[in-house]
Amino acid sequence: MSAKPEVGLVREASRQILAGGSAGFIFDQVERLILCFTRTHQATGLVEICLMHPLDVVKTRFQIQRYATDPNSYKSLGDSFRMIFRTEGLFGFYKGILPPILAETPKRAVKFFTFEQYKKLLGYVSLSPALTFAIAGLGSGLTEAIVVNPFEVVKVGLQANRNTFTEDPNLEFLRKFGIGLLSGTIASVINIPFDVAKSRIQGPQPVPGEIKYRTCFKTMTTVYREEGILALYKGLLPKIMRLGPGGAVMLLVYEYTYSWLQENW
């Protein structure tokens, strides 16, 4: 009587191994992706969004409630979490997460770029350094808000939708492709400093016969001090062009191979 569950377990494990092996054969960046997330803290903005987004969804739901007597209104924080999970599932807490993820890089870029530009402009006016920094910070914050606002409008609209997720095959394909593409892109951005360090260590040394680059973190520190932060991101564009679509292909191959094995074997 115990043989059948054992055979089922072996078969299920075989399906997963074959599906994973097929995906890994086409694209071998799974290990690198894991190492990126465990060895570096450069994705703090993305991690913060992913961890805090459920609270942002709940906040939006409370803010758009009009009447406390509405039977669909949330009575408390705990009640809102229970209702969302019961009626919309786990993914209900992540509705509208794509806009803030997409806005993260442009938001930071606009903020710091405009801050420096405002400082230069204010340099023509006789202001104290403290007031210059304050006004430049205010201007960069306002500019950032203008850029981010369209993303916020889309995000709130998605968060306000209380319907459960329903996807047809085409939408499911696009969803999986998008997740894989985003994962590959994020992985590229996170681990490119390690890739630069690897290339410096493996490549020719600046002075023949003298080893300048020895260890990973020491190499990254040296590159940062001598060449600046942007030097750690050399080659990022071609890496994204390779790993972004590659991540999508890897996920799709695994998902569809595993589904095919479940149905036919």
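Thr219 touches Ala197, Arg200, Ile201, Tyr213 and Arg214, leaving aside residues up to four places away in sequence; a contact means heavy atoms within 4.5 Å. The place of Thr219 is in helix H8, where helices (H or I, at least four residues) and strands (E, at least two) are DSSP runs numbered from the N terminus. Thr219 counts as buried because its relative accessibility is 1%; buried means under 20% relative accessible area, exposed over 50%, and partly exposed in between (1.4 Å probe, protein chains only). This is a predicted model, in which local features need pLDDT of at least 70 and side-chain atom pairs count only at pLDDT 80 or more, while totals for chains, interfaces and linings use all residues. Residues are numbered from 1 along each chain as its sequence is written, and side-chain values use heavy atoms, with hydrogens and water left out.

**Overall architecture**

- The protein has 9 helices and 0 strands, and its elements run α-α-α-α-α-α-α-α-α from the N terminus on.
- Of the 265 residues in the protein, 30% are buried.
- Among contacts between residues at least 6 apart in sequence, 72% join residues at least 24 apart.
- The accessible surface comes to about 17,400 Å², and 66% of this belongs to carbon and sulfur atoms; accessible areas come from the Shrake-Rupley method with a 1.4 Å probe, and for residues only the protein chains shown count as cover.

**Nonpolar cores**

- The largest nonpolar core consists of 7 residues: Phe194, Ala197, Tyr213, Met220, Val223, Ala231 and Leu232. Helix H7 (169-202) and helix H8 (216-227) each supply at least two residues of this core.
- A second, separate core of 6 residues includes Val57, Tyr74, Ile84 and Phe93.
- A nonpolar core is a set of buried Ala, Val, Leu, Ile, Met, Phe, Trp, Tyr and Cys residues joined through side-chain atoms within 4.5 Å.

**Nonpolar surface patch**

- Val47, Leu51, Met52, Leu55, Phe62 and Leu77 make a nonpolar surface patch of about 540 Å².
- Helix H3 (residues 44-64) gives the largest share of the patch, 5 residues.
- Met52 is found in helix H3 and counts as partly exposed, with a relative accessibility of 44%.

**Aromatic pairs**

- The count comes to 4 aromatic pairs, where rings of Phe, Tyr and Trp (its six-membered ring) pair if their centres lie within 6.5 Å; planes under 30 degrees apart count as stacked, over 60 as edge-to-face and the rest as tilted.
- The ring centres of Phe115 and Phe133 are 5.8 Å apart and their planes stand at 55°, so the pair is tilted. This pair links distant parts of the chain, with Phe115 in helix H5 (residues 98-122) and Phe133 in helix H6 (residues 129-160), 18 residues apart.
- Phe115 is buried, at a relative accessible area of 17%, whereas Phe133 is partly exposed at 45%.

**Approaches between separate parts of the chain**

- Met241, in helix H9 (residues 236-264), is exposed at 59% relative accessibility.
- Asn149 lies in helix H6 and is partly exposed at 44% relative accessibility. Asn149 and Ala103 are 46 residues apart in sequence and 9.6 Å apart in space, C-alpha to C-alpha.

Technical notes. Patch = residues over 30% accessible without salt bridge, like charges linked within 9 Å, V, L, I, M, F, W, Y side chains within 5 Å. Salt bridge = Lys/Arg side-chain N within 4 Å of Asp/Glu carboxyl O.
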